[in-house]
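Please look through the sequence and the structure shown below before reading on.

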Amino acid sequence: HDPLISSNGRENGHVARNIRLALLAMDVVEPYVSIRGVEELLFEDDVIPTVNLKRSPTSYFDDAKLVWVPGGDEKTSLTLREITWTVGGAMTIDETEIVYGLWDCLPTQLAESATGLYPSMETRNVIDTKFRIVPPSNVEGGKSGGRSRWHADGAYPAEPEGGDTYEQIYNYDPVFKTSIDIGNMPPGTAIAVFARAKVDKNWATAAANVGPADLGPASHIVNARTNPSYFASNAGKVVHGREYGWWYSDPITVLVGDAKETEDWDMNDPTTHFSLSSNARGIVTAVHVNARFSGKTGLSDTLSRPASRSGGGGCGGETTPNRSNSVTA
């Protein structure tokens with residue numbers, strides 16, 4: 001019996017229930033959003049030892065997950081690239097979506113330098129004015145929300161539980177999907193992709209049997225994510241509330257390449273350090289270039305992590321904000 005799965009069986013006893021309770025308490029301390037894959041490519045663990053992106057002296061661009069994708073094929077309308085992500089640390093996912101745009105529009109550091117608050121106000125302003133927005137395509141009824149693994153009704157949307165992929169990769173978390181359009185982006189374009197979510201808005205609403213009516217939330221966990229004026233400290237530990245709003249994933253980089261580069265690649269070469277995915281026609285659709293490897297990859301002279309950026313502000317190409325409601329080819 002898996003103690004992470006709730007059931008009414010004989011093996012779901014005191015220990016199993018308390019293991020789940022302890023894990024839930026740790027998981028919901030703070031909401032989080034995580035991009036899990038591009039096309040059929042699911043990210044492997046790519047931890048860079050001693051690197052904390054929010055405090056790193058290097059930029060997010062230098063250390064973020066990077067995926068090479070072939071440029072759009074306008075003749076066959078293959079200009080969309082699927083993004084998969086999940087949301088945790090919450091119960092109800094009120095809204096979630098993908099935002100993407102040019103890395104050159106963003107500042108070098110995406111967090112506030114003094115406090116480490118992520119993303120910084122400057123970063124959010126760029127995202128709000130210059131990035132495209134696409135909702136999930138696998139949520140019924142035209143909605144953009146869902147449920148976490150801890151919700152009483154279970155995770156939604158969720159992959160079928162018929163194999164090890166769902167259990168081992170997604171760990172029973174919700175799985176959101178959508179596509180970004182790279183059709184007008186030339187080879188060499190570096191795209192920053194974020195997933196973001198709003199969660200648990202209902203936590204700030206008191207139940208009918210709770211009084212007095214104007215008391216408001218009293219717990220740390222509710223005030224921390226809904227009340228920007230809340231502040232509590234004890235033994236050097238601080239809980240500082242924030243207003244209800246978006247929680248952002250770490251970004252990934254989607255690097256647009258030339259599809260011709262893949263013609264001589266050996267996808268079964270065991271000496272490469274990169275995860276490949278291909279569609280049913282045998283076309284390479286995504287290559288994960290690990291952040292801990294730099295320089296030439298062995299697959300192509302042009303397939304390598306781009307040079308470090310000296311700073312943001314160099315917005316070229318299309319940067320007009322746009323909310324897209326259609327994500328299918």
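## A covered strand and its sheet

β1 is mostly covered, since five of its seven residues are buried, where buried means under 20% relative accessible area, exposed means over 50%, and partly exposed lies in between, with a 1.4 Å probe and protein chains only. Strands such as this one are DSSP runs of E with at least two residues, helices are runs of H or I with at least four residues, and both are numbered from the N terminus. The model is a predicted one, in which local features need pLDDT of at least 70 and side-chain atom pairs count only at pLDDT 80 or more, while totals for chains, interfaces and linings use all residues. Residues are numbered from 1 along each chain as its sequence is written, and side-chain values use heavy atoms, with hydrogens and water left out.

Four strands form an open sheet in the order β2-β1-β4-β8, with antiparallel pairing; two strands pair if DSSP finds at least two bridges between them. The edge strands are β2 (41–42) and β8 (176–181), each of which pairs on one side only. β1 runs antiparallel to β2, to which two bridges join it, and also antiparallel to β4 (residues 80–88), to which six bridges join it. Val38 stands opposite Leu41 in β2 and opposite Ile83 in β4. β1 and β2 form a hairpin with two residues between them, and Glu39 in the turn has a positive phi of about 55°.

## The largest pocket

A pocket is found on a 1 Å grid over the protein atoms alone, as an open set of points where a 1.4 Å probe fits, with protein on both sides within 12 Å along at least five of seven lines, and its lining residues have an atom within 4 Å of a point. About 990 Å³ of space lies in the largest pocket, the volume being the space filled by probe spheres set on the points, which are joined across faces, edges and corners.

The lining of the largest pocket consists of 32 residues, and Glu30, Leu117, Tyr118, Arg242 and Trp247 lie nearest its centre. At least two lining residues come from each of β1 (32–38), α3 (121–130), α5 (220–226), β11 (237–240) and β12 (247–248), and α5 gives the most, with four residues. By class, the lining has 16 nonpolar, seven polar and nine charged residues, where Ala, Val, Leu, Ile, Met, Phe, Trp, Tyr, Cys and Pro count as nonpolar, Asp, Glu, Lys and Arg as charged, and the others, Gly among them, as polar.

## Aromatic rings and charges

Rings of Phe, Tyr and Trp (its six-membered ring) pair if their centres lie within 6.5 Å, and planes under 30 degrees apart count as stacked, over 60 as edge-to-face and the rest as tilted. By this rule the count comes to three aromatic pairs. The rings of Phe131 and Phe194 have centres 6.2 Å apart and planes at 50°, so this pair is tilted. Phe131 lies in the loop between α3 and β6 (132–134) and Phe194 in strand β9 (residues 190–199), so the pair ties together parts that are 63 residues apart in sequence. Both Phe131 and Phe194 are buried.

The rings of Phe194 and Tyr248 have centres 6.3 Å apart and planes at 90°, so this pair is edge-to-face. Ring pairs link Phe131, Phe194 and Tyr248 into a cluster. Tyr248 is buried, with a relative accessible area of 11%.

A charge sits over a ring if NZ of Lys or CZ of Arg is within 6 Å of the ring centre and within 35 degrees of the ring normal. The charged end of Arg196 sits over the ring of Trp246, 4.3 Å from its centre.
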